Amino acid sequence: MERDSFVADIANDLGVAPSQLAARKARVVSEGNEQLFHLNQNTGVLTVKESLDREEICPQSDTCTLFFKIFFENPLQLIRGEVEVRDVNDNSPVFPEKEMVLEILETASPGSRFPLESAQDKDVGSNGLQNYSLGSNPHFSLALGTGKDGVKYAELVLQRQLDREEQREMNLLLTATDGGLPPRSGTAQIRIVVLD
């Protein structure tokens with residue numbers, strides 16, 4: 001959401017006339033160093049001071065809740081509130097390297113597995129990394145798994161014996177896709193060097 005976007009109608013939510021906010025010198029204070037919200041004493045509307053970047057505020061956390069307090073003077077009153085910042089699919093999966101080089105012996109037997117670098121996605125939940133796919137080729141398929149840390153990973157699986165004399169190198173395209181609507185993706189080249 002953009003700067004000055006509507007968050008809540010505090011006067012309405014608290015059942016207080018907007019004129020009471022000004023009379024009682026109501027103000028909002030965010031928990032933490034940075035003041036993220038602004039309370040308009042004339043209307044009772046709470047807005048964001050700047051656009052919020054969920055990935056910056058709550059990196060790799062499934063939930064992102066910001067806490068604030070409304071202070072009233074005369075009489076003194078303190079009301080606590082919270083704002084949930086929802087993730088939008090604004091990041092694509094990214095591989096650490098644009099090209100991975102795998103050296104594989106031509107004697108490697110079909111069924112051999114070769115771990116691949118995982119892509120990273122700053123978005124979480126369904127907007128985070130969901131799947132990998134491999135460009136069609138006669139020698140390799142892709143096996144997918146999820147590690148103990150919940151991170152999805154991919155391994156190349158050799159389907160057909162390699163022959164260095166027939167083909168010394170091959171290039172494959174690995175694609176990582178997230179679950180957003182529409183989905184975002186990132187790619188990396190896999191260069192297979194066949195060893196004699």
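Across the whole structure, a search finds nine salt bridges, each defined as a side-chain nitrogen of Lys or Arg within 4 Å of a carboxyl oxygen of Asp or Glu. The model is predicted, so local features need pLDDT of at least 70 and side-chain atom pairs count only at pLDDT 80 or more, whereas totals for chains, interfaces and linings use all residues. Residues are numbered from 1 along each chain as its sequence is written, and side-chain values use heavy atoms, with hydrogens and water left out.

**Stop 1: R3 and E50.** Select R3 and E50, which form a salt bridge whose closest N and O atoms are 3.7 Å apart. R3 lies in the segment before β1 (6–9) and E50 in the loop between β4 (45–48) and α3 (54–57), so the pair ties together parts that are 47 residues apart in sequence. Helices (H or I, at least four residues) and strands (E, at least two) are DSSP runs, numbered from the N terminus. R3 is exposed, at 51% relative accessible area, while E50 is partly exposed, at 42%. Here buried means under 20% relative accessible area, exposed over 50%, and partly exposed in between (1.4 Å probe, protein chains only).

**Stop 2: E31, K69 and R80.** Select these three residues next: E31, K69 and R80 are linked in a network of salt bridges.

**Stop 3: R86 and E84.** The side chains of R86 and E84 meet in a salt bridge at 3.9 Å, N to O. R86 is exposed, with a relative accessible area of 65%, and E84 is exposed as well, at 51%.

**Stop 4: E155 and R113.** In this salt bridge the closest N and O atoms are 2.7 Å apart. E155 belongs to strand β11 (residues 152–158) and R113 to strand β8 (residues 113–115), so the pair ties together parts that are 42 residues apart in sequence. E155 is buried, with a relative accessible area of 17%.

**Stop 5: the two domains.** Colour residues 5–84 as domain 1 and 99–194 as domain 2; these bounds come from an automatic or database domain assignment. Their C-alpha centres lie 46 Å apart. The contact (heavy atoms within 4.5 Å) takes five residues from each domain.

**Stop 6: the interface.** About 380 Å² is buried between domain 1 and domain 2, this being the accessible area (1.4 Å probe) that two parts lose on being put together, summed over both. Select E55, Q60 and D62, which supply 86% of the area that domain 1 buries against domain 2. Zero salt bridges are found across this interface.
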